[in-house]
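Colleague: I would like to go through this model feature by feature. Please give me the general idea each time, then the case here.

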Amino acid sequence: MQIFRTKTITPDDFGDTGLKKCLTAFDLTFLGIGAIIGTGIFVLTGIAAATQAGPAVVLSFIVAGFACAFAALAYSELASAVGGCGSAYGYSYAAFGELVAWIIGWDLILEYGVATAAVANGWSGYFNNALTAIGMGLPEVLTKAPSLGGIVNLPAAGIVLILMVLLAIGVRQSTKINTAMVFVKLLTIAVFIGVALFNIHPENWTPFMPFGWSGTSPEGKPVGVFAGAAMVFFAYVGFDAVSTATEEAKNPQRDVPIGIITSLVFCTLIYIVVSGLLTGIVPYTQLNVPSPVAHSLHLLGINWASALVATGVIAGLTTVMLVLYYGLTRVIFAMSRDGLLSPFFARVHIKTHTPVRVIILCGLVIATIAGFIPLGELAELVNIGTLAAFVLVCLGVIVLRITQPHLHRPFRNPLNPFFPLLGAFSCGALMAFLPAMTWLRFVVWLVIGLIVYFAYSMHHSKLAKAQ
């Protein structure tokens, strides 16, 4: 039964932990927007429309958005009640016990790490397009993974290393840069919407659901609105990263729920509008490209807008990587502090108040993944990890309401247990529409995690030593 020992929730969880408390509700909201609006809208929207859902990709975003809304409410309650920078890992530790917490922490490492590398791939495509536009494009072998005929995706690896330095300097400086880049990103989206509104061709929305609600392609891959939702779900990855900033928020019990819910609602509306316009201005069959938003404007012959969007996308994808990378380092820091990973990673730098050792290690590993593995395989692997985390967070709300009914909850999930159960069911259902190979890779990753837990973590856990 040792593997099911739970962590006790105390007021000290919101006390001083060595990390600098400097983030407001505004900072956290922009952190969420910075993480959410990125690869999903600027890259995967076109791919999902062209290969899985057609113009009905709008419905895919709505389906995925509903699943995320229930998960966001669950995250908000647990962030305000449990605290800590471990996000779903910390919540699972309190609700389900150490083994489940380890599995979800190991899962989050996969989610944030691979997501950062996946976004770096998308960033690389836009960055090289911008260089090509001014006559300085990189050779193709330096912008593609070996499996795609290249040597290394150099821009993807390079941007990760730059962010590594930025995060090591300090979280306050990082959030200032994030806020500035989010404004650029929103300006870019406003320009696209303004141009697209005057270039809509309604015939492009016919047929609206060429792949139906669900089905299978000739290659054996899932297609349809639900399969599209499982893919564009990647667009919503990131709002949960706001919960990893709990220990650096000035008033976490109030501000973290505000940051999570506000950023998700705002971004969902943006996604629905942009995906509808994108499939309305060009045929969906022409959107299976690495940069569909800029590409669609280029097809319309509006090159100035295409160039402006490409510039804004570069800034936008940078903020996504920044927040996901940040979330990864805080989860590893929390797991290390609990003894489940080496205490080597639990040290906070005395000057920057950041876990520099974790930041550097993660940067080197992510840069390697981004340089040598292509985008498509990465995105699907991220989605299954995120959905699994969301299912456990939703169930965690129900469990803690039963096991710790008197716990102080500044934010309470409405209609408990109905909403949490809907969240767990909808996220679990989306997992079913992911390809079999994605499931296989996910299971292999979890098996490796279990080996690490029983070989090291179970014996070095601080709870084990205390008992």
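Colleague: What should I know before I start?

Modeller: This is a predicted model, so local features need pLDDT of at least 70, side-chain atom pairs count only at pLDDT 80 or more, and totals for chains, interfaces and linings use all residues. Residues are numbered from 1 along each chain as its sequence is written, and side-chain values use heavy atoms, with hydrogens and water left out.

Colleague: Is helix α8 enclosed or exposed, and how do I read that?

Modeller: Start with the terms. Helices (H or I, at least four residues) and strands (E, at least two) are DSSP runs, numbered from the N terminus. Buried means under 20% relative accessible area, exposed over 50%, and partly exposed in between (1.4 Å probe, protein chains only). Helix α8 covers residues 225-232, and seven of its eight residues are buried, so the helix is largely enclosed by the rest of the structure. The buried ones are V225, A227, G228, A229, A230, M231 and V232.

Colleague: Which polar atoms lie close to the side chain of S263?

Modeller: Think of polar contacts: N or O atoms paired within 3.5 Å. Within protein, one must be able to donate a hydrogen and the other to accept it, and residues adjacent in sequence count only if both atoms are side-chain atoms. S263 lies in helix α9 (residues 252-281) and is buried at 0% relative accessibility. A polar atom of its side chain is 2.7 Å from the backbone oxygen of G259. The backbone oxygen of I260 is 3.1 Å from a polar atom of that side chain.

Colleague: What else is in contact with S263?

Modeller: Contact means heavy atoms within 4.5 Å. Setting aside neighbours within four places in sequence, S263 touches T29, G32, I33, I36, F239 and I258.

Colleague: How many disulfides are there?

Modeller: A disulfide is a pair of cysteine sulfur atoms within 2.5 Å. A search of the whole structure finds zero. Take C427: the nearest cysteine sulfur, that of C394, is 5.5 Å away. C427 is buried at 0% relative accessibility. C362 is buried too, at 5%.

Colleague: What is phi of L415 near?

Modeller: Phi of L415 is near 55°, a positive value in a residue other than glycine. L415 is in the loop between α13 and α14. At 55% relative accessibility, L415 is exposed.

Colleague: Which residues make the nonpolar surface patch?

Modeller: Like charges are joined within 9 Å, nonpolar side chains (Val, Leu, Ile, Met, Phe, Trp, Tyr) within 5 Å. Here M437, L440, V444 and I448 make a patch of about 350 Å². Accessible areas come from the Shrake-Rupley method with a 1.4 Å probe; for residues, only the protein chains shown count as cover. I448 lies in helix α15 (residues 436-460) and is partly exposed, at 40%.

Methods: Patch = residues over 30% accessible without salt bridge, like charges linked within 9 Å, V, L, I, M, F, W, Y side chains within 5 Å. Salt bridge = Lys/Arg side-chain N within 4 Å of Asp/Glu carboxyl O.
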